[in-house]
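Let's take a friendly walk through a model of two chains. Have a look at the sequence and the 3D view, and then read on.

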Amino acid sequence: MANTIDYRKMERAAAIRRGIGKTITYLLLTLWAVMVLFPFYWMILSSVKSYSAYNAEYVPKLYTWDPTFQNYLDAFTTVPLARYFLNTLIYTVSTTALMLVVTVLAAFAFARLNFKGKNGAFVLFLSLMMIPNELVIITNFVTITNLNMRNTFLGLILPSVASIFYIYLLKENFAQVPDELYYAAKVDNTKDLKYLRKVLIPICRPTLITITILKVIECWNSYVWPRLITDNQAYFLVSNGIQYIRERGFGRENIPAMMAAVVSISVPLIILFLIFHKKIMEGVARGGTKG
Amino acid sequence: MMERNNPKGWLYLLPAMLFLGVFMVYPLIDVFIYSFEQGFNFASQSYDGVGMRNYSFVLRDPYFLQAVKNTFILVIFTVPISTGLALLISVGLSSIKAVRHLYQTLYFLPYVTNTLAVGLVFMILFKKTPYTDGLANLIIGWFGAGPVDFIDGPYWAKMFVLCFYTVWVVMPFKILILTSALASVDEGYYKAAQVDGTRKIRVFTRITLPMISPTIFYLIITGFIGAFKAYSDAVALFGTDLNAAEMNTIVGYVYDMLYGSSGGYPSYASAAAIILFLIVLTITCINLLISKKHVHY
């Protein structure tokens, strides 16, 4: 019948339209994936081209048949890249560890203990969350300078320890743990600190891991504060090291060695991301911001 | 029962309060004091008067005006472009099934990488040296455009790279937030629209957009705030002497005043930081007012 033929035609046309739409969608999404990945591809590629090969390419080549690891050797021998790594590791581990202790204690107080002035303190904490770093960094710079803590790890670490957002995140999580567990512990005459260690922390481990990873990323990438507080290379973190390398390191033209340094400092975080991408993305989606 | 008053609570709060007090509350008060102390000398920690002179100096400083201009251009271009592009990509992502998870993870990668390090790669892609015109110039050469030095060349070219890199850096966060917002829209609305035979564009403008409008406005507001604070992206591309490159931002000006080739003036830095804070506050308030009218909660 005439009607059924019409329907078939319409269906086919719709299917074709859907197909075209799908294809365009996939094309655009793939294009963006290439945009995201390309800089990473380019840094790895440039880092394995030899110095002479790189500079001989007036028109940059998108591949190489002759990879070399010489640049990585150069990166670790001509500039103290290993030192930058060690510094960043010390800074990241100490800051994160201190942050965890401070955060867990504060979150516990807010979530589980009752004391006069608690609500006032909590509102104060929350309102401090709005304060931009740029406003407080000036005085912190003066404070650390006056305390003679420039070019020390303490000067680097101390102002980066407290993170109100993580206190808030953990407090919410602690508060979800059923009260009964706390009362049971109270009846058994368990000390608060023991309850925190044996009950709350194990239950809330996923959130603690998320916080830890986010803080590690933040520390590993931090640039502004370390730049202000260190001018002695012995205390440079990787970000400052990279900037120093760019301006004075291998001589401006040795781009392959520069890229080898860039790859080396990017790899730890990329590995961390590959392992924990689910946790990282969940954590950021729950309210993290960048910058 | 939970105890009514357990003063030990303050003991648990003490470490956090110490850190916040010394490195946040005190500096917050102090920065206002600094900004009004005239002729402050870092070495002797003395000043010769109280008034608005720091503000009038900063507002007349050509470097500051250049930084304000750069920051505003950056904000005006990157916020709409990145938000729009992120929306497009997120809608695309939610409409496919295969490789969706892979792409979602992939798109997030720039978030975890070091801005300074990847910025160096962008610099190399765009830079024109005696040895090579660079990859960006190779590509625009295919379209017949002449080689441009995007890093040491004309102002608009440098601004283009800065905007380009900024968009690249902020996209992961926006895509992540938008895809989770899109995933939380109730399927029932779409089913109802399907039954009614509503066209796709109409479904998007009448259902999807209103449902995720709070998220979009959240992204616009945080986007404005983030773009006004741009700094490390510019350093990564143009080096630490941003004034010489004409590419300084307001935050960069604050840090240069504090410490840098022209540094040692915490009072000027404070005045500039407070001006920045006021600009951001004003823009955020305007954003909130507009969102009240257009956002459906």
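How many residues of chain A are in contact with chain B? 71 residues of chain A are in contact with 75 residues of chain B, where contact means that the C-beta atoms of two residues, placed from the backbone, lie within 7 Å.

## Before we start

This is a predicted model, in which local features need pLDDT of at least 70 and side-chain atom pairs count only at pLDDT 80 or more, while totals for chains, interfaces and linings use all residues. Residues are numbered from 1 along each chain as its sequence is written, and chains are lettered from A and ligands numbered from 1 in the order in which they are written.

## Where the chains touch

Several helices of chain A give two or more residues to the side that touches chain B, among them H1 (2–48), H4 (81–112) and H14 (255–285). Helices here are DSSP runs of H or I with at least four residues, strands are runs of E with at least two, and both are numbered from the N terminus. H14(A) gives the largest share of that side, 13 residues.

The residues on this side of chain A divide into 51 nonpolar, 12 polar and eight charged. In this sorting, Ala, Val, Leu, Ile, Met, Phe, Trp, Tyr, Cys and Pro count as nonpolar, Asp, Glu, Lys and Arg as charged, and the others, Gly among them, as polar.

## Chain A as a whole

Chain A has 14 helices and zero strands. Its radius of gyration is 26 Å, well over the 19 Å that the globule rule gives for 291 residues, so chain A is more spread out than a compact globule. That radius is taken over C-alpha atoms, and the globule rule is 2.2 Å times the number of residues to the power 0.38. Along the principal axes, the C-alpha atoms of chain A fill a box of roughly 80 × 75 × 35 Å.

Chain A is divided into domain 1 (2–56) and domain 2 (79–249), with bounds that come from an automatic or database domain assignment. The centres of these two domains, taken over C-alpha atoms, are separated by 41 Å.

## A helix pair in chain A

Two packed helices are described by the angle between their axes and the distance between the axes. The axes of H11(A) and H14(A) come within 9 Å and cross at roughly 130 degrees. Axes are lines fitted to C-alpha atoms, for helices over the stretch in contact, and angles run from 0 to 180 degrees between N-to-C directions. That angle makes H11(A) oblique to H14(A); angles under 35 degrees count as roughly parallel, over 145 as roughly antiparallel, 65 to 115 as roughly perpendicular and the rest as oblique.

Residues of H11(A) including Ile213(A) and Trp220(A) meet residues of H14(A) including Leu272(A) and Phe276(A). By class, this contact has nine nonpolar, two polar and two charged residues.

## Chain B and its own helix pair

Chain B comes to 12 helices and two strands. With a radius of gyration of 24 Å, well over the 19 Å that the globule rule gives for 297 residues, chain B is more spread out than a compact globule.

How do H9 (200–228) and H12 (266–294) of chain B pack, and at what angle? They pack at about 165 degrees, with their axes 10 Å apart, which makes H9(B) roughly antiparallel to H12(B). Among the residues that meet are Phe217(B) and Phe224(B) in H9(B), and Ile279(B) and Ile283(B) in H12(B). This contact has 10 nonpolar, five polar and no charged residues.
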